[in-house]
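Good morning, and thank you for coming. Today I shall present one protein structure, moving between single residues and the chain as a whole.

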Amino acid sequence: MNNFLFENGTRVLFGGGCVQEYQGSFVKGYGPNVLLITEEGDRCSGAADEVRDILRRSGKTMAECSAGPFCSRYEQVQRAARLCRERRVDLILGVGGSAVLDGCKAASLAAVCRGDLWENFGESQGVVDVPPLPTGFVASHLETGAVSGAAGLFHGQRCVWRDYPPCDPKFALLDPARTRELSRRELILQGFSALAGALEEYLTLTDGMSVSREMLETLMEGMARELRICRQAPRDENARSNLMWRCALWGNRFFQLGRRFSFPALPVREAAVLAASDWEEYAGVLAVLLLALCRREAEGHPAALAALLAELSLPAEPEQLGAAVRRRLEKVPSTKNLLVHTA
């Protein structure tokens with residue numbers, strides 16, 4: 001295993017009522033100007049309204065913008081960065097899921113960096129030599145992305161993931177009660193999205209990662225188990241709480257320790273972002289591409305993958321996986337570019 005430095009500067013609170021109880025005390029330590037980032041099309045969620053009310057009672061002045069869906073867009077990040085500079089923002093606070101969290105991280109750097117964010121930290125991996133603006137995060141989705149880990153940024157026809165620990169939120173509040181606002185379908189699709197990300201990361205083989213891979217196996221087995229329960233009983237509080245916490249863990253840099261290179265490219269997720277316009281299309285594309293990726297890995301490493309595929313209720317034989325890919329292709333509303341990725 002390779003040498004590493006593990007850094008985690010985020011204070012995470014998980015549990016019912018944590019936003020109402022603790023957000024006011026967290027924001028008290030920052031200046032009066034707050035930029036609130038919410039998910040595009042989700043500005044009127046109960047979680048966002050709760051956060052706005054707490055900020056007003058705390059005497060904060062708010063500016064607002066949005067990010068997403070699925071991944072923060074470069075234009076959205078630039079808009080947020082301009083607001084930060086114009087309003088002299090003291091804290092960026094996100095309310096939503098993974099796209100919002102990624103947008104907060106990227107905006108915190110874009111607001112202070114010299115030069116262009118994409119050129120310096122998207123296409124290349126520049127050195128962060130100025131402190132980013134502080135950020136906080138309140139989860140309203142099941143799929144919250146990596147609280148302490150890489151952030152995704154979508155630019156043109158490309159999506160990259162970069163990990164800069166100074167951009168991690170100073171605090172993150174995860175109240176599983178907020179997942180009650182999600183429909184059963186949204187709950188399952190978001191849970192599957194997190195499972196897909198964990199599986200794609202797991203299948204990115206790297207020497208010296210045996211410990212991280214074993215932990216990812218355990219995490220995915222639990223995610224699959226909780227997802228099955230939520231499909232049958234979406235109001236099961238314990239299953240939703242467990243699933244929310246598992247979904248918040250998969251992208252953590254903890255699973256990257258000892259890796260020789262940076263956070264891996266996630267081409268399956270990138271292709272899904274490019275092909276989808278809503279959660280259903282996004283999950284459908286992910287399903288097709290993951291099956292194709294599993295088929296390729298099963299051909300090369302059949303023994304290592306068989307047990308995990310069985311636990312996830314996926315066929316283990318390459319021929320069976322190939323048939324599953326064809327069946328899924330017939331069901332996906334948008335198959336744009338999928339044949340290229342599954343060939």
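Let us begin with Cys167, which sits in the loop between β7 (158–162) and β8 (171–174). Please keep in mind throughout that this is a predicted model. Is Cys167 buried or exposed? Its relative accessibility is 5%, and since buried means under 20% relative accessible area, Cys167 counts as buried. Leaving aside residues up to four places away in sequence, Cys167 touches Lys105, Ser108, Leu109, Pro132 and Thr135. For a sense of distance, consider Ser58: Cys167 and Ser58 are 109 residues apart in sequence, and their C-alpha atoms are 24 Å apart in space.

Cys104 is located in helix α4, which covers residues 98–110. Which residues does Cys104 touch, not counting residues up to four places away in sequence? They are Ile37, Ile92, Leu93, Gly94, Thr135 and Gly136.

With a relative accessible area of 13%, Ala106 is buried. Its contacts, not counting residues up to four places away in sequence, are Val77, Leu117 and Leu153. Arg73 is 33 residues from Ala106 along the chain, and the C-alpha atoms of the two are separated by 9.7 Å.

Glu50 belongs to helix α2, residues 46–57. Is Glu50 buried or exposed? It is buried, as its relative accessible area is 15%. Glu50 touches Val19, Gln20 and Arg178, again not counting residues up to four places away in sequence.

I now turn to the aromatic residues. How many aromatic pairs does the structure hold? There are six. In one of them, the ring centres of Phe14 and Trp245 are 5.7 Å apart and the ring planes stand at 65°, so the pair is edge-to-face. Phe14 is in strand β1 (residues 11–14) and Trp245 is in helix α8 (residues 237–247), so this pair ties together parts that are 231 residues apart in sequence. Both residues fall in the partly exposed class: Phe14 has a relative accessible area of 34%, and Trp245 has a relative accessibility of 37%.

Another pair is arranged as follows. The rings of Phe70 and Tyr282 have centres 4.5 Å apart and planes at 10°, so this pair is stacked. It, too, links distant parts of the chain, 212 residues apart: Phe70 is in the loop between β3 (61–67) and α3 (74–86), while Tyr282 is in helix α10 (residues 279–300). Phe70 is buried, with a relative accessible area of 10%, and Tyr282 is buried as well, at 2%. Together with Trp279, these two residues form one aromatic cluster.

Let us finally step back to the whole chain. What does its secondary structure come to? The protein chain has 13 helices and eight strands. Along its principal axes, the C-alpha trace spans about 60 × 45 × 40 Å. Why may we compare this chain with a compact globule? With 343 residues, such a globule would have a radius of gyration near 20 Å, and the protein chain has 20 Å, which agrees.

As for the surface, the protein chain exposes about 14900 Å², of which carbon and sulfur atoms supply 50%. The chain carries 40 positive and 42 negative side chains, and the centres of these two sets lie 3 Å apart.

That concludes my presentation. Thank you for your attention.

Notes
Residues are numbered from 1 along each chain as its sequence is written. This is a predicted model: local features need pLDDT of at least 70, side-chain atom pairs count only at pLDDT 80 or more; totals for chains, interfaces and linings use all residues. Side-chain values use heavy atoms; hydrogens and water are left out. Helices (H or I, at least four residues) and strands (E, at least two) are DSSP runs, numbered from the N terminus. The radius of gyration is taken over C-alpha atoms; the globule rule is 2.2 Å times the number of residues to the power 0.38. Accessible areas come from the Shrake-Rupley method with a 1.4 Å probe; for residues, only the protein chains shown count as cover. Lys and Arg count as positive and Asp and Glu as negative; His and the chain ends are not counted. The place of a charge is taken as NZ of Lys, CZ of Arg, CG of Asp or CD of Glu. Contact means heavy atoms within 4.5 Å. Rings of Phe, Tyr and Trp (its six-membered ring) pair if their centres lie within 6.5 Å; planes under 30 degrees apart count as stacked, over 60 as edge-to-face and the rest as tilted. Buried means under 20% relative accessible area, exposed over 50%, partly exposed in between (1.4 Å probe, protein chains only).
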